[in-house]
Amino acid sequence: MKENDKKTLTKHSLVLSLSRQFDISRAKALEILEQVFSDISTAIGQGKHCEFRDFGSFTVSERKPRIGRNPHKPNDIYEIPGRRCVKFRPGKTLREQLATFPEEQTDSDGE
């Protein structure tokens, strides 16, 4: 097991947690979790606002088309097309929880 796996919440770990908490099979927990993800994805894909009280909300926003440049060749100009993107805004309870967590060193750039 990788060291980073202990800090990562995966679908598998959620399935195990659900199956233990509610005394259901792993297959049933996976089915429920897949359905929740599917419903959220469908709603977001339709441009709907998804709000989960105290946890946060997902919204769809439009990014305007813009001009990009290659930093190594500043004369090369590229058109970056507009697109839709998903933004997450944490809810009050999640923000409070994040504020109480001790700062941990992250492995950025292999440090």
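A contact, as I use the word today, means heavy atoms within 4.5 Å. By that rule, among contacts in this protein between residues at least 6 apart in sequence, 35% join residues at least 24 apart.

Some ground rules. The model is predicted, so local features need pLDDT of at least 70 and side-chain atom pairs count only at pLDDT 80 or more, while totals for chains, interfaces and linings use all residues. Residues are numbered from 1 along each chain as its sequence is written, and side-chain values use heavy atoms, with hydrogens and water left out.

Now the overall layout. The protein has three helices and five strands. Both are DSSP runs numbered from the N terminus: helices are H or I with at least four residues, strands are E with at least two. Along the sequence the order is α-α-β-β-β-β-β-α.

Next, burial. I call a residue buried under 20% relative accessible area, exposed over 50%, and partly exposed in between, with a 1.4 Å probe and protein chains only. Of the 111 residues, 14% count as buried. The protein exposes about 9,900 Å², and carbon and sulfur atoms supply 52% of that. Accessible areas come from the Shrake-Rupley method with a 1.4 Å probe, and for residues only the protein chains shown count as cover.

Let me start with the loop between α1 and α2. D23 lies there, and its phi is near 50 degrees, a positive value in a residue other than glycine. D23 counts as exposed because its relative accessibility is 71%. I24 is in the loop between α1 and α2 as well, but I24 is partly exposed, at 29% relative accessible area. Leaving aside neighbours within four places in sequence, I24 is in contact with L18, S19, A29 and I32.

On to the salt bridges. The rule is a side-chain nitrogen of Lys or Arg within 4 Å of a carboxyl oxygen of Asp or Glu. How many salt bridges does that rule give? The count comes to three.

One of them joins E34 and K11, with the closest N and O atoms 2.6 Å apart. This pair links distant parts of the chain, 23 residues apart: E34 is in helix α2, residues 26-45, and K11 is in helix α1, residues 11-21. E34 is partly exposed, with a relative accessible area of 35%. K11 also counts as partly exposed, at 38%.

Another is between the side chains of K28 and E31, at 3.9 Å from N to O. K28 and E31 are three residues apart in helix α2, so about one helical turn separates them. K28 is partly exposed, at 40% relative accessibility.

Then there is E51 with R53, whose side chains meet at 2.6 Å, N to O. E51 is partly exposed, with a relative accessible area of 43%, whereas R53 counts as exposed at 70%.

D54 has a positive phi of about 70 degrees, although it is not a glycine. At 49% relative accessibility, D54 counts as partly exposed.

That brings us to strand β2, residues 56-63, where S57 is found. Is S57 buried or exposed? S57 is buried, because its relative accessible area is 12%. Not counting residues up to four places away in sequence, S57 touches H49, C50, E51, K87, F88 and R89. S61 lies in strand β2 too, and it is buried at 19%. With neighbours within four places set aside, the contacts of S61 are R83, R84, C85 and K87.

Last, the surface patches. They are made of residues with over 30% relative accessible area and no salt bridge; like charges are joined within 9 Å, and nonpolar side chains (Val, Leu, Ile, Met, Phe, Trp, Tyr) within 5 Å. Lys and Arg count as positive and Asp and Glu as negative, with His and the chain ends not counted. The place of a charge is taken as NZ of Lys, CZ of Arg, CG of Asp or CD of Glu.

Which residues form the positive patch? They are R63, R66, R83 and K87. R63 sits in strand β2 and is partly exposed, with a relative accessible area of 35%.

The nonpolar patch covers about 230 Å² and is made by I32, V36 and F37. F37 lies in helix α2 and is partly exposed, at 35% relative accessible area.
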